[in-house]
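User: I am new to this one. Please walk me through some of the labels and what they rest on.

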Amino acid sequence: MRFTKVIQGLEYTEVKLMKIIIAVLAAAVFCAPAGAVDQAGIERRVNALLSRMTLEEKLGQLQQLAGEANGDLHPEHLVLAKKGALGSTLHVRGAARVNELQKAALASRLKIPLLFSFDVIHGYRTIFPVPLAETASWDTDIVREAASVAAAESRAAGIRWTFAPMVDIARDPRWGRIVEGSGEDTWLGSAMARARVNGFQGADYSAPGKIAACAKHWAAYGAAEGGRDYNSTDVSERTLREIYFPPFKAALEEGVATFMSAFNDLNGVPATANRWLMTDILRKEWGFQGFVVSDYTAVDELINHGIAADGAEAAAKALTAGVDMEMVSRSYNSEGARLLKEKRISPAQLDEAVRRVLRVKFRAGIFDSPLADEKEEADVLLAPAHLKAARNAAVRSFVLLKNDGALPLSGALSSIAVIGALAADKEAPLGPWVGDGRARDTVDILRGLRERAGAGIKVSYSPVGGPLDKSTDFSGALEAARGADAVIAVVGENQEMSGEASSRSSLALPGNQLELLKALRAAGKPVIAVLMNGRPLEIGWLADNLSAVLEIWHPGTMAGGAVADVLFGDASPGGKLPFSWPRATGQVPFYYNHRNTGRPANPDAKYSSRYLDLAITPQFPFGYGLSYSSFTLSGFELSASVIPAKGSLIASALLENVSSRAGDEVVQLYIRRKAASSTRPVRELRGFTRVTLLPGEKRRIEFKLGHKELGFLDEKFRFKVEPGELTVWISTSSEGGLTGSFRVSK
Ligand code: BGC
């Protein structure tokens, strides 16, 4: 009635305008993109719920507790959940166990469901290559698919939230957690962060098969001094903003649901008590809407850091900094009431933290479908399509570091000797963070090679030589190698040697493996080394003396099949290094995008930035990797020689496969600015694309260079494109390539 009256009182044009507005609004509602989230509706539900909550229930939402490593819940969880005094768990997994605990939460006064979380880092049950390896594919589709499979399996097992992606930049491979991230480069790391968040969450993380993601560890955790895990960091604001922050920002722009506060001290204020990080940057500058969870006991660790005298002070500092949920330690819950009473935290601060947690729970859809489908789980875990995707991801992650023609193995082979403990190891291929992965599911390297070799090729095996093996008797290995047409030595690190709390002071090949390789070589055998590891190792001798070196990282459940695919030439390796491979530990921290110094390294000039006893060049540069095919780049072009600051141009080059094999090349684009208001790196990656070309095929590869690629932070940290001259390279690693220059006008 009222609407009709209003309409009658309006002029024809106004009515027409209103009709158009109504039509547009209706279209917006009904044609909203799939996965669009009803944010206003969620805010209403959050506030309605919040207004009914007691203090105990509010604090409960901020508490996350750990289940057992095997996925079992703890009896105390049931008690707390029934009281509405628990918000989330980690580790508890498996549809039946999750449902048992969830039912307890649903029996609580307000029936707020628990958010089940887990470290699903590179797969849940089907384990994919470690994240560093996935990044070495330089293929965001593969990385997205890996996260998507991990999400589907997790979801089937009742998990709704993963502590991934880990987006910490790592410039020091002594730090064991380099394996969990995307290496040293911010541009590459940001692309991978987006792909992973998208793979886990899709456009809407309540959708079937999707889970909420968590960008961690905020921030600068990878800058640990001396590469020692958990160590303090001291990083300038420029380096934070230029190097460490962008992958987090990329994750946020992709809609990441949560952040995790890091363990480390940052410039004198531990991340978990760092208001500048948690509130000024994350909330005020970037507008983050989700919640922040502390890392494992990081709230109570503020006492060890020396910034809090006791649990109460730790809780007050973390909560007021902007850490919303406390993982494992319990100071929010034990001290919250007192802190409120003493006005050391405000009711509004507490409510805001609870609001953020509830918001993510609503967005995750767990109020509407809190239980897992117990029948679905078995069909989803290790589904054939998942195993196939894991094998493909592994193949695409391998990096061929050296090849004098020994690979692919010749079709005329009649015998192979496989050497080294790692070849038959079922745990090492999974790497650190195995989710719910089981060693019994792993196809080890030996098995993969035997299956591919079939009856026609004899495969002998010697387990002599390994990361923990200290013996000097190599006779078994030499015996196996003696009559073989090809010798494949699988060497590197075991499962425990990288990952959390697995920093190493030396990048040397551990155990007796180098001596083993030397003994095999001394026996006159051409040796192919298959390297399994989570970080670069000192392999100068291998690169100089062996026939081929293939980096396979920790390739996951389908390791053996993937290695066989590549060694036998059923697939060609095409991955590239996501870090600069040092020659020796003494070079680290080590990264290609360093600044130039006033006295750039010059091997012939004493007073230049160099070492007396070691080259300053890498063993292999960032972005490096060979293929069984050969490619050429030619015809470099820039579409303009001068552009305005708001303009853009296209840089392009012609890639040609000049071999008789189909293969992949990763074409990379780098820039350098010669003179600017702040010193700029000698090269910065600003584009990449992995392409497959058939024999003889050519393709022009184009990169757009605009604001995003050319801008950087001026002296006040404003992102700008400054006038001046820029050099551009199109190349197949961070060294060499085709080059030209252009100018940005005033
Ligand atoms: C790690 C995090 C992880 C958490 C929960 C911590 O020790 O630093 O990366 O997500 O444990 O397992």
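Analyst: We start with the model itself, then turn to aromatic rings and a strand. This is a predicted model: local features need pLDDT of at least 70, and side-chain atom pairs count only at pLDDT 80 or more, while totals for chains, interfaces and linings use all residues. Residues are numbered from 1 along each chain as its sequence is written, and side-chain values use heavy atoms, leaving out hydrogens and water.

User: What is the mean pLDDT of the protein chain?

Analyst: The mean is 95, and 95% of the residues reach 70 or more. pLDDT is the predictor's confidence in each residue, from 0 to 100. Over residues 1–34 it stays under 50.

User: Why is the pair of Phe-245 and Trp-286 called edge-to-face?

Analyst: Rings of Phe, Tyr and Trp (its six-membered ring) pair if their centres lie within 6.5 Å; planes under 30 degrees apart count as stacked, over 60 as edge-to-face and the rest as tilted. Here the centres are 5.8 Å apart and the planes stand at 85 degrees, so the pair is edge-to-face.

User: Why does Phe-263 count as buried?

Analyst: Buried means under 20% relative accessible area, exposed over 50%, partly exposed in between (1.4 Å probe, protein chains only). Phe-263 has 7% relative accessibility, so it counts as buried.

User: And why is Tyr-230 called partly exposed?

Analyst: Its relative accessibility is 35%, so Tyr-230 counts as partly exposed.

User: What makes strand β21 mostly covered?

Analyst: In β21 (residues 684–693), 8 of the 10 residues are buried. Strands (E, at least two) and helices (H or I, at least four residues) are DSSP runs, numbered from the N terminus.

Key
Contact = heavy atoms within 4.5 Å.
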